[in-house]
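Thank you all for coming; I would like to take a few minutes to walk through a structure that is new to this group. Please have a look at the sequence and the model as they come up.

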Amino acid sequence: MTAVLLPEPARLKPPDVVALGAHGMRTRPVRAVLSALGIAIGVAAMVAVLAIPASGAQALHDRLAALGTNLLTAGPGQTLFGQDAVLPDDAVPMAKRIGPVQAASGTGNTSASVRRSDKIAPDDTSGLAVYAAKPDLLAVLGGKVRLGSFLGAGNQDYPVTVLGAQAAARLGIDRIDPARPPQVLIGSQWFTVVGILSPMPLAPEVERSVLVGWDVAKRLLGFDGHPSTVYVRAEESEVDSVRTVLGATLNPQAPNEVEVRRPSDALAAQKLTDTTYSALFLGLGGVALLVGGVGVANTMVISVLERRREIGLRRALGATKRQVRGQFLAESVLLSGLGGLAGVLVGVLVTAGYALSQGWPAVLPWGALAGGVGVAALVGAIAGAYPAVRAARLAPTQALA
């Protein structure tokens, strides 16, 4: 008896497997789009959650690089008896004696109120403070004048004032006419507004304040000459050292009554809080991706049930279980991969739009972009594994029955 040798089934090349998977998607385009939508939403959420904080962190880094992280502020704390402490009159000159200190200046709280008109009640301060300042304050803070000019050596004894960014907004002053500059009522004395400052993130108290000359504050506002805040710029490598000795230098008799802070630390702490919320949204994006994977698995199971005759015909014509399994697995991976690619594009657009609205540089972590597509493809492979095995197990006679 002569043995009959059956020809070995031809092996499908990877492009052929991809073509077969794409054919299954083209036959049911609406279902494919709806199935990929869940994957796209999950990936878009994850990309945006990773890219937006990265953009914010870069913006913070750029801002701190421009403003400098070497600014220290010192103010009076509490005495041992729980009363408000007072800094010595010579606190600023004493700070300048510290070797690594590059510059120092200060402001003094006058306790005066500021109003736009004498028709406003004296106790309606709009949350604004009136501080005495000297001409070198702006350079120490690294601030800029948006309109007009800052206090100068020639007008320290004259009733002129400079408004912080928020103070100008609350007082309703947005421009300065040199021929007829606006005036504000400080205490019982009218002061002419000569300048408006730009925002200063490292000194938010200055943004909400009205600055007047040190000498005129003593003469007209009853200022006692004690600084309420001392601003110090130190060498970058010596900031911690200066911070350690600053309290004892400003008030040698009671160094424990001096509170020293580093404003850039507050901005970094705020960014850490934002990162915590980002982790929460990243988890929500993962849940959406999981739901999308379940949707893809459901679609592939239904696809196997609907295409039983196709599977049986292919098996009858010589297709192996491995080839059938590869076809449905490729279709699942393609479905999820395209959803992931769409999600990455949506995430990029969302990140770019949000960064543009905030004035941030758009930072797109390439790891997140590539990982988004990769994770989507992995979810598709996991979701399509069972339907692909189920399709390969169908016998030709059972599938064609």
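What we have is a predicted model, in which local features need pLDDT of at least 70 and side-chain atom pairs count only at pLDDT 80 or more, while totals for chains, interfaces and linings use all residues. Residues are numbered from 1 along each chain as its sequence is written, and side-chain values use heavy atoms, with hydrogens and water left out.

Helix α8, residues 239-250, has 12 residues and spans 16 Å from its first C-alpha to its last, close to the 16 Å expected at 1.5 Å a residue, where the expected span is 1.5 Å times one less than the number of residues. Helices here are DSSP runs of H or I with at least four residues, and strands are runs of E with at least two, numbered from the N terminus. Among the buried residues of α8 are Val 239, Val 242 and Leu 246, buried meaning under 20% relative accessible area and exposed over 50%, with partly exposed in between, for a 1.4 Å probe and protein chains only. Asp 240 and Thr 244 are exposed, on the face turned away from that buried side.

Of its 23 residues, Ile 39, Val 43, Ile 311 and Phe 328 touch the most other members. Helices α2, α9, α11 and α12 each supply at least two residues, and α12 gives the most, with 6. Apart from this core lies another, of 22 residues, including Ile 173 and Phe 223.

Note on methods
Core = buried A, V, L, I, M, F, W, Y, C linked by side-chain atoms within 4.5 Å.
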